[in-house]
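Subject: Structure handover

Hello,

Here is the structure I said I would pass on. My notes on it follow below.

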Amino acid sequence: QVQLVESGGGLVQAGGSLRLSCVASGSIFSINAMGWYRHVPGKQREFLACVRSSGSTSYADSVKGRFTISRNNAKNTVHLEMNSLKPEDSGVYYCAASYSVLPNVVDYWGQGTQVTVSS
């Protein structure tokens with residue numbers, strides 16, 4: 001089992017920045033990819049970004065150039081640096097971990113952290 005705990009959400013004005021963190025614990029030695037998703041009420045959970053054990057990254061078009069994902073293997077942590085935030089970036093942000101490939105296969109979810117961007 002793997003546990004994921006997110007932090008760093010909050011309220012920010014449009015154009016501002018936030019940094020989300022996710023700490024993984026448990027049986028993490030086989031985890032390949034970690035990533036971030038966003039859920040807005042009435043919509044499906046949306047893939048945002050992932051980083052693989054190789055260090056390669058992928059981003060959704062909606063956040064490319066504004067969000068940066070990074071991984072600290074020594075601290076079992078993944079971060080999502082979010083810049084130039086827009087009101088449509090508001091939602092609950094979830095950390096995800098996969099033994100396989102993101103966004104195709106999610107094996108574990110965090111509990112989520114709320115991000116609200118005011119106009």
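Contact here means heavy atoms within 4.5 Å. In that sense Val-117, apart from neighbours within four places in sequence, is in contact with Val-12, Gln-13, Ala-14, Leu-85, Lys-86, Pro-87, Asp-89 and Ser-90. Please keep in mind that this is a predicted model.

Val-117 belongs to strand β11. Is Val-117 buried or exposed? Its relative accessible area is 5%, and the limit for buried is under 20%, so Val-117 counts as buried. The C-alpha atoms of Val-117 and Gly-91 are 8.8 Å apart, while the two residues are separated by 26 residues along the chain.

Overall layout

The protein has 11 strands and 0 helices. Read from the N terminus, its elements therefore give the order β-β-β-β-β-β-β-β-β-β-β. The C-alpha trace spans about 40 × 25 × 25 Å along its principal axes. For 119 residues, a compact globule would have a radius of gyration near 14 Å, and the 13 Å of the protein agrees with that. Of the 119 residues, 41% are buried. Among contacts with a separation of 6 or more, 55% are between residues 24 or more positions apart.

Strand β9 and its partners

Which strands pair with β9? Strand β4 pairs with β9 in the antiparallel sense, over 7 bridges. Within this part of the structure, Trp-36 stands opposite Cys-95 in β9. Strand β11 is also antiparallel to β9, with 3 bridges, and here Tyr-93 stands opposite Thr-113 of β11. Strands β9 and β10 run antiparallel too and are joined by 2 bridges; Ala-97 has Tyr-108 in β10 as its bridge partner. Strand β9 is largely enclosed by the rest of the structure, because 7 of its 8 residues are buried.

As background, side chains in a regular strand alternate between the two faces of the sheet.

The nonpolar core

The largest nonpolar core holds 33 residues, and those that touch the most other members are Leu-4, Met-34, Trp-36, Leu-80, Met-82 and Tyr-93. Two or more residues come from each of β1 (2-7), β3 (18-26), β4, β5 (46-52), β7 (67-72), β8 (77-82), β9 (91-98) and β11 (113-118). Which of these strands gives the most to the core? That is β5, with 5 residues.

Leaving out residues up to four places away in sequence, Tyr-93 touches Glu-6, Leu-20, Trp-36, Tyr-37, Arg-38, Leu-48, Phe-67, Leu-80, Met-82, Gly-112, Thr-113 and Val-115.

Aromatic rings

How many aromatic pairs does the structure hold? There are 4 of them. Tyr-37 has 5% relative accessibility and so counts as buried, whereas Trp-109, at 37%, is partly exposed.

Another edge-to-face pair is formed by Tyr-99 and Tyr-108, with 5.7 Å centre to centre and 80° between the planes. Tyr-108 counts as buried at 13% relative accessibility, and Tyr-99 is partly exposed with a relative accessible area of 35%. Tyr-108 is the residue already mentioned as the bridge partner of Ala-97.

Ring pairs also link Tyr-37, Phe-47, Tyr-94 and Trp-109 into a cluster. Over the ring of Tyr-94, the charged end of Arg-45 is 3.8 Å from the ring centre. Over the ring of Trp-109, the distance of that charged end from the centre is 4.3 Å.

Regards

Definitions and conventions:
Residues numbered from 1 in each chain as written. Predicted model: local features only at pLDDT ≥ 70, side-chain atom pairs only at ≥ 80, totals over all residues. Heavy atoms only, no water. Phe/Tyr/Trp six-rings, centres within 6.5 Å; stacked < 30°, edge-to-face > 60°. Buried < 20%, exposed > 50% of the residue type's maximum accessible area, 1.4 Å probe, protein only. Lys NZ or Arg CZ within 6 Å of the ring centre and 35° of its normal. Core = buried A, V, L, I, M, F, W, Y, C linked by side-chain atoms within 4.5 Å. Helix = DSSP H or I, 4+ residues; strand = E, 2+ residues; numbered from the N terminus. Pairing = 2+ DSSP bridges. Rg over C-alpha atoms; globule rule 2.2 N^0.38 Å.
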